[in-house]
Every structure is written in C-alpha cells, then in structure tokens.
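Good morning, colleagues. I would like to take you through the charged contacts of one model, and then through one of its chains as a whole.

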Amino acid sequence: MPRLTRIVLVLFVLALGFGFAQTVIGVSIPAATHGWTGGVNWWAAETKARLEAAYPTLQIVISTAGSASEQANDLEDLIAIHQIDALVILPFESDPLTEPVASVKDRGVFVTVVDRGLAREGIEDVHVAGNNPALGRVSGEYISERLGGEGNIVVLRGIPTVIDNERVEAFMEVIDQTNIEVLDMRYANWNRDDGFEVMQDFLTRFPEIDAVWAQDDDIAIGVIEALEQAGRTDEMFVVGGAGMKEMILRVMEGDELVPVNVLYPPAMIATAMEITALNFVTSVPVLGRYILDSPLITPENAADYYFPDSPF
Amino acid sequence: MARSEAAPAPTWRRHMRSIPWQSLTPLLGLVFLLIIGSLLHPAFLTPTNLLNVLTRSAFIGIIAVGGTFVIIAGGIDLSVGSMAAFLAGAMILVMNALARNDLEPLTIILLGVGMVLVAGLLAGAANGLAITRGRIEAFIVTLGTLGIFRSLVTYLADGGTISLDFAIRGVYRPVYFGSFLGIPYPVWVFAAVAIIGAIVLHRTRFGRYVRAIGSNQEVARYASVRVERIRTLTFVIQGVCVAIAVILYVPRLGSASGSTGILWELEAIAAVIIGGTALKGGSGHIWGTVVGAIMLSFIGNVLNLTTAISEYLNGAVQGLIIIGAVFLQRGRSGR
C-alpha cells in the first residue's frame, strides 16, 4: 500500500508540474448528430491540431455531449480531471447550462461562449455568435429582389426553437414590406426526409409557387428531390442556408434551381478557439462580443466558402 | 388483404360471420381520415397525392410488418430506426466502394441489395440471440442496439452525411420514383411484404407458434414449441423487413446521416398497435398494421394540406388521433 501511495503521489506531482507548464483549453460541443454539428466537430478537431502545432504551450481537450445534462457533466470533468484554464463552449441549450458555466467561471476559468448565448449576462469573457436574424433577413432580401417584390412563396421551418423563430421573424419583416404572399409555413425539423414530405404536400396544394425558402441545406436537399419528382424544377428556385458543401458546389456551378446560399458557418467554433488561444499566447486585447455575418453566397464568391474536406 | 383472416366457409353467410368485424375499426379510422382530407382540400383525392402518401407509408409499413411478428410474440424492437440508418449508411458505402472497381451500376446495386439483406438478417439475429440466448429483456437489448446502430452510422458518416455515387444514383433512383401500372414500386413491394407476412402469420405453423408464445410462453413450452428459436426468428424477420425498407429508402434521397430514421421505431410500434395488435402480445393481424401505417402517413399529409390547425399543434393532433384510434378498438373488442 505505501508503495502504491508513493507512486500515485509522484504521478500527481508530475501531472501538476506538467499542468503548470501548459495552458489547457477545454472545448465542449454537441455531438455530431446532424450535418451542422458534424461540421462543428470537424472544425474543432482541425483547429485543435493547428493550435497545438503552432503553440506548444497549449493543450486542447475536446468533449462532445449528446444532451444538455450530459454537457453539464462534461464541464465538471473538464474542471476536475483536466483542470482547464479556459473553456470554449457551444451550449446545447441556453437556460440549463447558464448556472454550470457560471460556476466554471467562478473558479477563475476564462470562458468563451459560442453561438447561442447564456440566459444571464456578464458570465462569459468572449462571445462568438452567428447571426440568426441576419440569415433570415439576407434570405428575405434576396427572394424579394429576385421576384421583383411579388409572387407566391412557401417556407419550410426548422425545429421550434429560438434559433428558428429569430430567423423566421427577420425573414417575415422583409417579406411583409413587399407584395409577396407566403402561401404556408410548416416545420421540416432541419431534416431531409421531412423536407421531402412537406414539399411534396406543398406541391400538391399549390399550383403556383415562385420560390421556396428552405432555411437550411438539409431541408433544401429534400425539397429539391420533391421538385424533381413532380417535374417542377424550372418553375421556382430554392434558398437554403448554412453553407453545406454540396449546396455551395451547386451555387458555384451556377445551378438555376439553387442560385444562392446564406452562410451560418459551423467554423464559428474555430473562430472562438483561435480568439481564446490568442488570449493566452499574446497580450492583444480579445475580450468582447464577435458577431459573424451571414453573407449571401453567390456564384462569384462561392469558392471562398467551399471546404471539400469538411463533412458538412 | 382484409379478408385474409377469414377461414374458407361453405356458404356466403358463414363467410360473412367469420370476418372479425370488431377489428375493422382501424379501417373505419382510415376512411374517416380520408373523408376529412377530401373536405379540407380538393387536391387531397388526386391520384398524385394518394400515391405520394402510400409511397411514403411503405418504409414504416414494411418495418411494421416485421414489428407485428415481434410484438405478437411478446417482444419489442426499439432499434429499427437506428438499424435502418445504419444499414442505409453501410449500403451506400459498399456501393460507393464497388463503383471504384469498374462494375456495371446494375451489378453494383444488386450486390448492395444482397449485402443489405444479409446485414439486416444478421442485425436482427444479433438482437434475437442477445434476447433469447443472453436472457436479457427485449426492451433493454434493443434500447442498447438503438444507441449502437445510431452511433455507428454517425461514425461511418464522420458526423456528416453519406451520399451515394452519382452514376449509381441515376440507375437506382427509379426504384423509389418509378412505377408499374401507375403504382409506384415501393407500394408494390409494401403489398408483397404484407401479403407474404399475412400468409406466414395466419396460415403457417410458425405463425401459430408466434401467437402461442405471445399469449402464454410457458404453455407453449409445455406444448413442445421451441420458444427461443421462434422468438429469435421474429427478430430476424424484423431485421430483414428493415433491410427491405432501406432498399427502397436509399434511392429516394441517396444519402444517410445520423438523423436518418429518427423515431421510426415509435411510428412502427404505433402502426402495429393502431392496427389492433396487443402490445402485450398473443394476438394481432398484418392487415391491421398495414392500415395503421397508411393512417399515420395520412395524418401528416392532412395536417400539411390545411392551414386550419396551427403548425405548432401538429404533434398534438397526431397524438389525439393515435390515442383515439386505439381507444375505439379496445371499446369495440370488449377486452
């Protein structure tokens, strides 16, 4: 027994010494359950490799969670086992994770929040966010401009959440100022199969549709398949969103059916990790809020947003 | 198909009497739904819409035919949705790999179909053997495999989406979108699976054993029924049915991801129960399951065709109709 204790003690001291030499950044993200989170995971892994190679003093630990409560447990492990100096977190949901992140902050850890914010202000040091209202607004502006301010459109929504509401509200603000009629909106749950079925039913119901706002690229793929089945691809165009590589490729090739895309980059996790790393390896000021734009992707600029190696 | 239950009878009257009228409730529910739909929108009764919905119902329907065997034998299979996603992912990867070897697209598709049938059979056998040889509750085993298959497809897809090679896609696509005598292929396959399922369940010794195990396992055992073997076979049938559904699913979108087939297991179980099969096992009909699966697809379709009900309440209406359909059944059959 005493010998074992001694070994454990030595290991502990070694680990402690190793810990002092290094800055540990914990990255907590949702598991890759669909395309967009798959992109987040890929970018996190890429950035970890880049940062660790560029700055030997940095050590990055990535943990993925399948639910909000699992993510809260992950935070405890990051603190207890990895003794992190900084946390980069893309919260599963805002409310349930606010207190767990606040208690991480109370231990003096540098906190960077990505995408959706926490329910209470003033916890995080850095906030890197996508711009959901901008995604809706940019999509609305393109559709109304392209249709000359009048026509019939259908909308496929995501999963009933704040993200979806913000996008749809901003979209409708633009559309309400035109003579464009929204024939109907239905939830397609950011899912290809649901997109296919909802679009089939829209096509049954409405003989005249000029444009489809699918909001998301997974939905858009289902929509396109339904249009091809009905042989109505040349009557309308489809606007997706997020920047899936297959859709960017279509835009790049000048596909009439998919003329543009609107970015909501999963690479925002990389932005957040880079900024957090800067805080430890340089003395440049980094604290604050960073809102990434949701630019319109057109055939002219599509090549800048095409990442063939990413799974998304 | 509705009459496959009826025993052959010498006179017309006896024939009528032998039809289980009390278990026709699911059919009444479906007719009721069709009437509502036709009142809501003129396009509802067009052949295009009806065939769209029937084609969609084929996936859940074929899986639910297998589920009917499992549930009648007193088991449950929660893994079918994940298994479908995994088989779809594996099938696409195998076909993509074969595409690099200069084979004819048709050969590649046939190899893919053969592979997925074998894989479905093995996956079902794995579930069944873990339950019977491992003596673990079906609920727990299939809850476990639900997680395993779902993670495996996410892993195979590297967190993204697995997409079918474009050249193969073009040849394979008609399997979902093509039709014979005006009826899409998936509907033909669904009908064939249902008829074979009905014959096996209602006309063979195996079918009788399945029901015997579900109503009383111990009595069946004393009657020298090989309970373990029969029960394992029900899971094998389930696995093969999932594979058949996958063969029809892959040509539709040509892709599979971690979000493929989410909650299909619950839809399949709901179709079986709406169709009049007892969740505790022992009794049930394939034709009821078929009606149940078609009904579930029509609920979604009717809701999409109207603005009368807020899209926020879709799930609530679906839930009410499912509970209502099962409630009517229990009331009528006086169990």
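I begin with a definition: a salt bridge is a side-chain nitrogen of Lys or Arg within 4 Å of a carboxyl oxygen of Asp or Glu. By this rule there are 20 salt bridges over all chains. This is a predicted model, in which local features need pLDDT of at least 70 and side-chain atom pairs count only at pLDDT 80 or more, while totals for chains, interfaces and linings use all residues. Residues are numbered from 1 along each chain as its sequence is written, chains are lettered from A and ligands numbered from 1 in the order in which they are written, and side-chain values use heavy atoms, with hydrogens and water left out.

Let us consider individual pairs. Lys105(A) and Asp125(A) form a salt bridge at 2.8 Å, N to O. Lys105(A) belongs to helix α4 (residues 94-106) of chain A and Asp125(A) to the loop between β4 (110-114) and β5 (126-129) of that chain, so the pair ties together parts that are 20 residues apart in sequence. Helices (H or I, at least four residues) and strands (E, at least two) are DSSP runs, numbered from the N terminus.

Which chains does the next pair involve? Glu197(A) and Arg252(B) meet in a salt bridge at 3.7 Å, N to O. Glu197(A) is in helix α7 (residues 192-205) of chain A and Arg252(B) in helix α12 (residues 227-253) of chain B, so this pair joins two chains. For burial, the terms are as follows: buried means under 20% relative accessible area, exposed over 50%, and partly exposed in between, with a 1.4 Å probe and protein chains only. Glu197(A) is partly exposed at 23%, whereas Arg252(B) is buried at 1%.

Within chain B, the side chains of Arg221(B) and Glu228(B) form a salt bridge at 3.3 Å, N to O. Glu225(A), Glu228(A), Arg169(B) and Arg173(B) are joined into one network by salt bridges that share partners.

Finally, I turn to chain B as a whole. Chain B has 15 helices and four strands, and 53% of its 335 residues count as buried. Its C-alpha trace spans about 60 × 55 × 40 Å along the principal axes. What is its radius of gyration? The value for chain B is 20 Å, which agrees with the figure near 20 Å for a compact globule of 335 residues; the radius is taken over C-alpha atoms, and the globule rule is 2.2 Å times the number of residues to the power 0.38.
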